[in-house]
Amino acid sequence: MTAALSVDRLEVVFDRFRALKGVSLEVQSGESFGLVGESGSGKSTLLRAIAGLAPAASGSITVNGKKLGARRDKAFYREVQMVFQDPYGSLHPRQTVDRLLQEPLAIHGFGDGEKRIQRALDEVGLGTGFRFRYSHQLSGGQRQRVAIARALILEPSILLLDEPTSALDASVQAEVLNLLEEIRRRRKLTFLMVSHDLAIITHMCQRLMVMQNGEAVEHLTAGDLIERRVSKDYTRNLLRASEGFVRA
Amino acid sequence: MSTLLEVDDLRVTFPTRTGRIEAVRGVSFSLGRERLGIVGESGSGKSQTGRAIMGLTPPQAEVTARKLAFDGIDLLAASPRDRRALRGKRIAMILQDPKYSLDPVMSIGRQIVETLRTHEKVGQAEARDRALAMLEAVQIRDPARVFDLHPHEVSGGMGQRAMIAMMLIAGPEMMIADEPTSALDVTVQLDVLGILDRLVSERGMGLIFISHDLRLVSSFCDRVIVMYAGKVVEQLKASELGRAQHPYTRGLLNCMPKIGADRHPLPVLDRKPEWAA
């Protein structure tokens, strides 16, 4: 098995603040990998650095065997797409769903737009009835489905998911998680998923990395987490917190 | 147990261009000196219920009820002046995100002092001392330093503690907490809940805890009300959540991923139109 994505000693510095301090990880092709940590731990920065949205100060990122430079080319975005946390902020408010989905197709010069848009909408469980709506006419879950459709329309092999369900209600969250799992199975996608919720990560991912203050604290498998085989106090704290409030 | 708050057939209606929208449709419950959780998804009317009790419903909306009484005072008949006197003094409210609910151009200490001096006749020096003591009570380690900080200079958890301090300083008898920990990290969430829990039980306050997180609410509250489409679909003791009857409550409990439960795909809610009827 080859690594679909590998990150080697990656550093990200904003002014003088080191947001990522030499983080390394390897995600195999077809695997689903989770990143867990509190706000400010650098998990989203890592995702953004891979997507080219945060500047890498040093270290390297390799996608499907190809080392990435400072600028991402078009071919990169056909392989790697991202779904953002807030479906209220990540869709253009004055574009219809149709226009939103056409944008990546136009950029990459795809000809059969009509068919692709229909297929993408079907795949995420939105009928063609949603095609000419604006994002403000959609619910949070429907918006996140559109964002997933937009990411899938270029048929990438790697999906970067930045807290894709944390802005959604619990019942809608279950629907979106099921959709993501089904798409991954059908298209044999590689996921790199960020969440602050350990339960979601153990549900969705085989392996995970716990982060704190821009550093990797611990690498675990989902099985380790279920059987509480964790060695760091920080991870133990996260586990305890995920069990809810206990009166002292 | 004395009843603090009585709500009978509360309705909140918003006029819109496409007709009247009933956000809350006949909610009834009563609250003693206990912790009551109100759970529901976005749009279920849980926050509007809290705001109607507080008197913070937008002016274009219409609030009606057979009875909405706090400690025997009819809230709907009370003058705006009387309600202002209640608000902050006897009924307090904590909002979701301290980033938006604290005044950004006023230091934290001054905001707390302002609340206190609005409701009680105290001198500047005494107010400051009481504010510092309150900051200490919400486990802020260096109260004198935090007193002079502005909200953007503190973390979310610290901001929410300051918010709790501000709400408790006038010694309210009832507190409404609307998603008080949703904007916080999981570990900080527990600290803030712990503080809230201790202060509420020490002072014997009544608490209404509004949240979308059924499991969190049931671990924190004595009693839980589940709302769907502006109505109460189920009321039960938090300890008996496992024996919930309504399919919506059971669905909400079921659809959360759990560590160690291998369920693929996750069960989803099959919404029935009769739930909203």
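**Figure 1. Contact range and overall form of chain B in the predicted model.** Of the contacts in chain B that link residues at least 6 apart in sequence, 67% connect residues at least 24 apart, two residues being in contact if their C-beta atoms, placed from the backbone, lie within 7 Å. Chain B contains eleven helices and eleven strands; helices (H or I, at least four residues) and strands (E, at least two) are DSSP runs, numbered from the N terminus. Along the principal axes, its C-alpha atoms fill a box of roughly 60 × 50 × 40 Å. Residues are numbered from 1 along each chain as its sequence is written, and chains are lettered from A and ligands numbered from 1 in the order in which they are written. As the model is predicted, local features need pLDDT of at least 70 and side-chain atom pairs count only at pLDDT 80 or more, whereas totals for chains, interfaces and linings use all residues.

**Figure 2. The cis peptide bond at B:Pro265.** The bond from B:His264 to B:Pro265 has an omega near -10 degrees. B:Pro265 is located in the loop that runs between α10 (247-254) and α11 (273-276) of chain B. Most peptide bonds are trans.

**Figure 3. Positive phi at A:Arg9.** A:Arg9, not a glycine, has a phi of about 40 degrees and belongs to strand β1 (residues 3-14) of chain A. The residue A:Arg9 is exposed (12 or fewer other C-beta atoms within 10 Å of its own, placed from the backbone), with a count of 12.

**Figure 4. Positive phi at B:Asp9.** In strand β1 (residues 5-16) of chain B, the non-glycine residue B:Asp9 has a phi of about 55 degrees. B:Asp9 is partly exposed, with 14 other C-beta atoms within 10 Å, partly exposed lying between exposed and buried (20 or more).
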